[in-house]
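Hi there,

Here is the structure I promised to pass on to you. Please open it and keep it beside this email while you read.

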Amino acid sequence: MAHAVVLGAGMGGLCAAGSLAQHFERVTVVERDPLPADAAPRRGVPQGRHVHALLGTGDEALERLFPGFGAELVAAGAVRSAVLEQARYVIGGATLARGSTGVHALQATRPLLEAGVRRRVRALSGVKFLEGHDVLGPVIEAGRVTGVRVHKRPGGDERAPDGAAGTGPESPENPESPGTEPEVLSAALVVDALGRAGRMAGWLERAGYGAPPEDRTKIDVGYTTRFLRLPPGALEGDRTVLTGNIPAHPTRGSGLLHQEGDRWTLTLAGMGGDHPPTDEEGFWAFARTVYPTDVYDTVRGARMLSEPVAYRFPVSVRRRFERLTRLPDGLLAIGDSVCSFNPVYGQGMTVAAREAEVLDQCLRQGTEGLPKRYFTEAAKVVKPAWELARSADLAVPQIPGRRPLAGRLVGRYMDRLLDAAHHDPVLSAGYLRVIGMLDPAAALFAPGVAWRVLRGGRIG
Ligand SMILES: Cc1cc2nc3c(=O)[nH]c(=O)nc-3n(C[C@H](O)[C@H](O)[C@H](O)COP(=O)(O)OP(=O)(O)OC[C@H]3O[C@@H](n4cnc5c(N)ncnc54)[C@H](O)[C@@H]3O)c2cc1C
């Protein structure tokens, strides 16, 4: 096939480009930002300054998409840690029992992860990046996408790849970009990977296909993050400390991860409007409520490498494209554009990588009916992650939403499971495998597990 265009060079767009390069002669990735040569934060991904954990199944998916990726990242400084053996999970007021999950986490900042994937995508034959260009919208003719309108930003210095550009109409979607005329990149397939604003939903509505139904959870999450350096051997050699479900502060949690450059990222998080402050005093007062004393003392005494920076995330959104009865041929979406998860569960990049695998699998069966087939299969990746996040969100009293009886019973069972997992390494490992999306949630309700939960984790 001839030409595919990916809109956005975030994690979703890069993974999509990796899959498309196996099926299209040419793939163009259009991105508004100039892309850094190395690992550096950038404007279009403001969340990249905050902790970004890769779940076990995301790590595996990236390795399948880009074989050798994990080793390359470790060579670039990323830290590998054995989940539960080298990581402390203080969940529900106590530390989960230590044991083995058989899983190793890849700990890197978001800029390093993205730079690693970008390097691999740049090396693929037929792939080009068109930086410094705003995406305006797809061109849809007679029920199929024939291209996408883009506009060079003032100061954007990249040219459209040879043969891909024509001239299109002025667009009202981008009134403030003066200067050059918009261009149309002709394409047989266009993939929206523009992030959580979810442009495809609006495009479909304006083109008469109707907007996809949406599920939303108003979570009002705030993050505050800073980098620090710990002395060698701090935290008894642990490489991660995650806290959550804190009985006295159910809205709060935190992530502390050893990452490249011998830096630790410390992110404080609060849901339901309980946002961690950015001033010194407020930051440490909040930190004191989320950490056990020894961890608090360690981070409080550490050398700070940056000032606190904040991020606000009001609502998680799942767009149900698979439920639309009509979709134009040649237009897909991936990543946050499909589902933008509560960030505290660390699911977004993992789901994006899995969706890219789904895209590859669907393309192996041809392009006939591709949008319906792709969105139906992608929804199967999104659903368990969304349901896991939503049930955890609704366990927090401050989060608004209907709480059906079945959900409340599951919540009570999960409380008991977590209590038991403080003693029982089989349960703590099982819990983390589900949170890491390596096993389905149903694994926590298997008879052998339920028995351990009922025994309170005290099984000889
Ligand atoms: C605070 C926070 C913490 C998070 N932590 C985690 C975590 O621990 N683990 C995890 O897996 N996920 C995490 N996530 C989610 C993760 O960041 C996203 O799921 C992931 O980035 C999705 O990738 P994407 O490609 O869909 O969108 P993005 O990565 O947001 O990329 C969108 C791209 O589109 C570009 N763009 C936007 N509009 C235009 C336009 N008009 N024209 C051209 N280009 C445009 C942007 O510049 C950007 O490059 C977190 C999110 C937040 C907010």
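Two strands count as paired if DSSP finds at least two bridges between them. Please also keep in mind that this is a predicted model.

Let's begin with strands β8 and β9. β8 covers residues 133-141, and β9 covers residues 144-152. The two pair in the antiparallel sense, with eight bridges between them. If you want a spot to look at, find Gly137, which stands opposite Arg149 in β9. Together β8 and β9 make a hairpin, and two residues lie between the strands. Ala142 sits in that turn and has a positive phi of about 50°.

Strands of a sheet pair through backbone hydrogen bonds, either parallel or antiparallel. In this sheet the pairing is parallel, and the five strands come in the order β7-β2-β1-β12-β19. At the edges are β7 (127-130) and β19 (331-333), each pairing on one side only. From one strand to the next, the twist averages 20°.

Within this sheet, β1 (residues 3-7) and β2 (residues 26-30) pair in the parallel sense over five bridges. Ala4 has Val27 in β2 as its bridge partner.

Finally, look for helix α9, residues 370-394. Helix α9 lies across β12 (189-192) and β19, and runs at about 10° to β19.

Enjoy exploring!

Best wishes

Definitions and conventions:
Residues numbered from 1 in each chain as written. Predicted model: local features only at pLDDT ≥ 70, side-chain atom pairs only at ≥ 80, totals over all residues. Heavy atoms only, no water. Buried < 20%, exposed > 50% of the residue type's maximum accessible area, 1.4 Å probe, protein only. Helix = DSSP H or I, 4+ residues; strand = E, 2+ residues; numbered from the N terminus. Axes fitted to C-alpha atoms, helices over the stretch in contact; angles between N-to-C directions. Contact = heavy atoms within 4.5 Å.
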